[in-house]
Amino acid sequence: MTTVYTRVASPLGELLLVGESDGTAEGLRLVSLSVPGQKGGAVVQDGWLSAPELFTGVLAQVEAYFAGRSTRFDVPVAEGVGTEFQRRVWAVVESIPYGQTLSYGEVAALVGASGAGVRAVGTAIGRNPLLVVRPCHRVIGADGALRGYAGGLERKQVLLGLEGAACVERLAKADG
């Protein structure tokens, strides 16, 4: 497998998509989708191959999402990324419906890590390498406030606003 990447403009800034591929678009497995300045975001490494042609299917889904024509992603992702706990947390995050949110505490309860486990859940969510595709932006504070997002809170608000999430509507009313 070869590590491949491409960049694409988006409402969040230039996205960097990284994948592993056998040289075909069908063999592509997404490893990372990150934004500029993202905490822990991917950085192009020596030996990676720029291969935008391999990402056409993924890019079509990303563009449809930002255009409001799609509410979910069906993208093959690389296996074996993250710890067992992180993968359990990420599975819950992937199950949060478009336009809806869960609190960090609710996610912790769903993975059996309530109480002090809320911090561990926040850390696992913060290490999500697939921003947007794995919708960690849908996890908010128990009080409805936007809390933590590796891509920045402004981007979290943009994504939740795009999805019409109720917490963003409440924020707008509070600001107005």
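This tour of a predicted model goes from a loop serine to an annotated cysteine and then to a pair of helices. Residues are numbered from 1 along each chain as its sequence is written, and side-chain values use heavy atoms, leaving out hydrogens and water. Local features need pLDDT of at least 70 and side-chain atom pairs count only at pLDDT 80 or more, while totals for chains, interfaces and linings use all residues.

Select S10, in the loop between β1 (2-8) and β2 (15-21); strands are DSSP runs of E, at least two residues, and helices are runs of H or I, at least four, numbered from the N terminus. S10 counts as buried because its relative accessibility is 16% (buried is under 20% relative accessible area, with a 1.4 Å probe and protein chains only). Show its side chain: a polar atom there lies 3.0 Å from the backbone nitrogen of L12, and the side chain reaches the backbone oxygen of G13 at 2.7 Å. Leaving aside residues up to four places away in sequence, S10 touches L15 and F66 (contact means heavy atoms within 4.5 Å).

Next, select C136, in the loop between α4 (117-126) and β6 (139-140). An unreviewed UniProt entry annotates C136 as "active site"; such annotations may be inferred rather than shown by experiment. C136 is buried, at 4% relative accessibility. Its contacts, again not counting residues up to four places away in sequence, include V93, I125 and Y149.

Finally, select α2 (residues 84-94) and α4, whose axes come within 9 Å and cross at roughly 80 degrees; axes are lines fitted to C-alpha atoms over the stretch in contact, with angles from 0 to 180 degrees between N-to-C directions. The two helices are therefore roughly perpendicular (65 to 115 degrees). Among the residues making the contact are W90 and V93 of α2 and A124 and I125 of α4.

Technical notes:
Buried means under 20% relative accessible area, exposed over 50%, partly exposed in between (1.4 Å probe, protein chains only). A polar contact is a pair of N or O atoms within 3.5 Å; within protein, one must be able to donate a hydrogen and the other to accept it, and residues adjacent in sequence count only if both atoms are side-chain atoms. Angles under 35 degrees count as roughly parallel, over 145 as roughly antiparallel, 65 to 115 as roughly perpendicular and the rest as oblique.
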